[in-house]
Amino acid sequence: MRILYLHQYFATPAMPGGTRSYEMARRLVAAGHEVHMITTDRTPKRRGRGWYTTREAGIDVHWLPVPYGNEMPFGKRIRAFFRFAVAAAHRAVRVGGDVVFATSTPLTIAIPGVYASRRLRVPMVFEVRDLWPELPIAVGALRSPVTIAAARRLERFAYRNAAHIVALSPGMRDGIVRAGVPPGRVSVIPNSCDIELFGVDPAVGAGIRSRFAWLGDRPLVVYIGTLGVINGVGYLVRVAERVRQLDPEVRFVVIGSGMEAGRIRAEAEARGLLGTSLFLFDGIPKRDVPAWLSAADVATSLFVDLEPMWANSANKFFDALAAGRPVAINYGGWQAELLRETGAGLVLPAADHDLAAKELLDFLRDTERRREARRAAAGLARERFDRNRLAAQLRETLESVVAAKDARATTAAIGS
């Protein structure tokens, strides 16, 4: 089977960012399928503006230089979305395939997905990573009635033209069904745990700790991910300030980049935390994340206090589980229920920084509870979110829509 995999933000382990598409695609290749990834080079260093192709773990990756970053104004980001959508539509048709697998965000990925599906007369499977347009509406990125209506029409257009839809969380599935999609056309395949990547020797984490005199054997809380508006990492700065008042030995590390990076640095400096109990680093490649998680006592996954965020399936949550590290979150929803059910971490109050600091510190001081949380996190990674099992589910989904299309063609030929 020749799979056209469309993802504007594709990243390899050598690059910062989530690697779900890379990990899924290389497993599809290992299963005997041919995968062509249509994506962007977001920090182009090559001269020229045209497509170029590389081979990554058996995946044929078609790159189009389109500068993009979370720090860009929303208008420029929208222009980047549409520039890629138009170019990707033509590239996908030229490459050809037996099935189109288009993964959002952005929702504009539906444009080349549907175009290629129709031109090639093959089915499209659409993957929903975030509930657009609910999220940009919730954070105020989409405000005018015209743009909101256009985004909702694009959402319905994507769902209507998909042979099947993959949602990354139960909440996303429910949102898709509310939009009118029959439940039987939606599968939940959440973000996954790369256990082989994150199961590093404890000496790797010890090496991180030995590099920094300010860390050593002190308690460590980390955030590794995007520093965007929706991530609300300023919350961790305010919690860190309260924790320092109770225990100045606790260390906080924030690793990432994004449009809020300058604001987070300024707030940490204004509160007297920067370089004393809170330390900031630029974003790192995915392959370097396991070392920091190995060094951490608690990993965090954060969002601003808005209910539409509760359906998220953030990579950082699953990376923490894969590393066998307790994860602290500050939102409700399915992940909060999972942590309360299993004890694999803790759910901090979003609106009460003092209480959040106390609960976090109580957790850090309770050696037995942390040990049990690590065991529970590793168990979730193995038993419910192992990448190999979930990649097999995706493979079966793609194979089934192609088989159904072939069956319909055979029936039509017999009938004629």
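Start with helices H1 and H16: H1 passes H16 in a right-handed crossing (right-handed if the near helix is turned clockwise from the far one by less than a right angle, left-handed if anticlockwise). This is a predicted model, where local features need pLDDT of at least 70 and side-chain atom pairs count only at pLDDT 80 or more, while totals for chains, interfaces and linings use all residues. Residues are numbered from 1 along each chain as its sequence is written, and side-chain values use heavy atoms, leaving out hydrogens and water.

Select residues 20-30 for H1 and 387-415 for H16; their axes come within 9 Å and cross at roughly 70°. That makes H1 roughly perpendicular to H16 (a term for angles of 65 to 115 degrees).

Now show side chains. On H1, pick Arg20, Glu23, Met24, Arg27 and Leu28; they meet H16 residues including Arg387, Leu390, Leu394 and Leu398 (contact means heavy atoms within 4.5 Å). By class, this contact has 6 nonpolar, 1 polar and 5 charged residues.

Next stop, the sheet. Its 6 strands run in the order E11-E10-E9-E12-E13-E14, forming an open sheet with parallel pairing (two strands pair if DSSP finds at least two bridges between them). Select 278-281 (E11) and 345-347 (E14): these are the edge strands, each with a single partner, so one side of each has no neighbour in the sheet. From one strand to the next, the twist averages 20°.

Finally, select 220-224 (E9) and 251-255 (E10), which pair in the parallel sense over 5 bridges. Which residue in E10 is the bridge partner of Leu220? Look for Arg251.

Key:
Axes fitted to C-alpha atoms, helices over the stretch in contact; angles between N-to-C directions. Helix = DSSP H or I, 4+ residues; strand = E, 2+ residues; numbered from the N terminus. Parallel < 35°, antiparallel > 145°, perpendicular 65-115°, else oblique. Nonpolar A, V, L, I, M, F, W, Y, C, P; charged D, E, K, R; others polar.
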